[in-house]
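This report looks at side-chain pairing and packing in one chain. The sequence and the model come first.

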Amino acid sequence: QVQLVESGGGLVQPGGSLKLSCAASGTILRINSMGWYRQAPGKQRELVANISSGGTTTYADSVKGRFTISRDSPKKMVNLQMNSLEPEDTAVYYCNAKNIEVPLGYWFPEVWGQGTLVTVSS
């Protein structure tokens, strides 16, 4: 089985910073892309940032310039550094991985973490 374990969520004041981390567990050979999504109350889940196996990044317009996604492919980890946080960033953040290769030539198309709550409030 492949699992994603998130950490780093919590309460932070507006203008503050927070770093989320996600580690993929299991016997994994390769992950094509990893990313972060978030879902605020009353809203649909949306892409925050994504990074490919080659290092290509994608960001939601609302977080460009404030958030930075990075990954450590050998460790099967992805991080999200969040700076200049705003109350509008309050949401449950979910780690996502796509096209996960495991032994015997099998690929998991998509795996989600359980989510970690980020609350931005004074």
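Asp89 and Arg38 form a salt bridge, with the closest N and O atoms 2.9 Å apart. A salt bridge here is a side-chain nitrogen of Lys or Arg within 4 Å of a carboxyl oxygen of Asp or Glu. The pair links distant parts of the chain: Asp89 sits in the loop between E8 and E9, Arg38 in strand E4, 51 residues apart. Helices (H or I, at least four residues) and strands (E, at least two) are DSSP runs, numbered from the N terminus. Both Asp89 and Arg38 are buried. Buried means under 20% relative accessible area, exposed over 50%, and partly exposed in between (1.4 Å probe, protein chains only).

The model is predicted: local features need pLDDT of at least 70, side-chain atom pairs count only at pLDDT 80 or more, and totals for chains, interfaces and linings use all residues. Residues are numbered from 1 along each chain as its sequence is written, and side-chain values use heavy atoms, with hydrogens and water left out.

**Salt bridges**

Side chains of opposite charge can pair when their charged atoms come close. A search of the whole structure finds 6 salt bridges. The table gives three of these pairs.

| Pair | N to O distance |
|---|---|
| Asp89 and Arg38 | 2.9 Å |
| Glu86 and Arg66 | 4.0 Å |
| Glu110 and Lys98 | 3.5 Å |

The side chains of Glu86 and Arg66 meet in one of the bridges. Glu86 lies in the loop between E8 and E9 and Arg66 in the loop between strand E6 (57-59) and E7, so this bridge ties together parts 20 residues apart in sequence. Glu86 is partly exposed, at 33% relative accessibility. Arg66 is buried, at 11%.

Glu110 forms a salt bridge with Lys98. This pair also links distant parts of the chain: Glu110 is in strand E10 (residues 106-112) and Lys98 in strand E9, 12 residues apart. Glu110 counts as partly exposed at 38% relative accessibility. Lys98 is partly exposed too, with a relative accessible area of 24%. Salt bridges that share partners join Arg38, Glu46, Arg66, Glu86 and Asp89 into one network.

**Disulfide**

How many disulfides are there? The count is 1 disulfide, taking a pair of cysteine sulfur atoms within 2.5 Å as the rule. Cys22 and Cys95 form the bond, with sulfur atoms 2.0 Å apart. Cys22 is in strand E3 (residues 18-25) and Cys95 in strand E9 (residues 91-102), 73 residues apart. The torsion about their S-S bond is about -85°, so the disulfide is left-handed. Both cysteines, Cys22 and Cys95, are buried.

**Core and contacts**

A nonpolar core is a set of buried Ala, Val, Leu, Ile, Met, Phe, Trp, Tyr and Cys residues joined through side-chain atoms within 4.5 Å. The largest one has 33 residues, and Trp36, Leu80, Met82 and Tyr93 touch the most other members. Several strands each supply at least two residues of this core, including strand E5 (46-52) and strand E11 (116-120). E9 gives the largest share, 6 residues.

Contact means heavy atoms within 4.5 Å. Leaving aside neighbours within four places in sequence, Met82 is in contact with residues including Leu18, Leu20, Phe67, Tyr93 and Val118.

Asn79 lies in strand E8. Asn79 is buried, with a relative accessible area of 15%. Its side chain joins that of Ser21 in a polar contact of 2.9 Å. A polar contact is a pair of N or O atoms within 3.5 Å; within protein, one must be able to donate a hydrogen and the other to accept it, and residues adjacent in sequence count only if both atoms are side-chain atoms.
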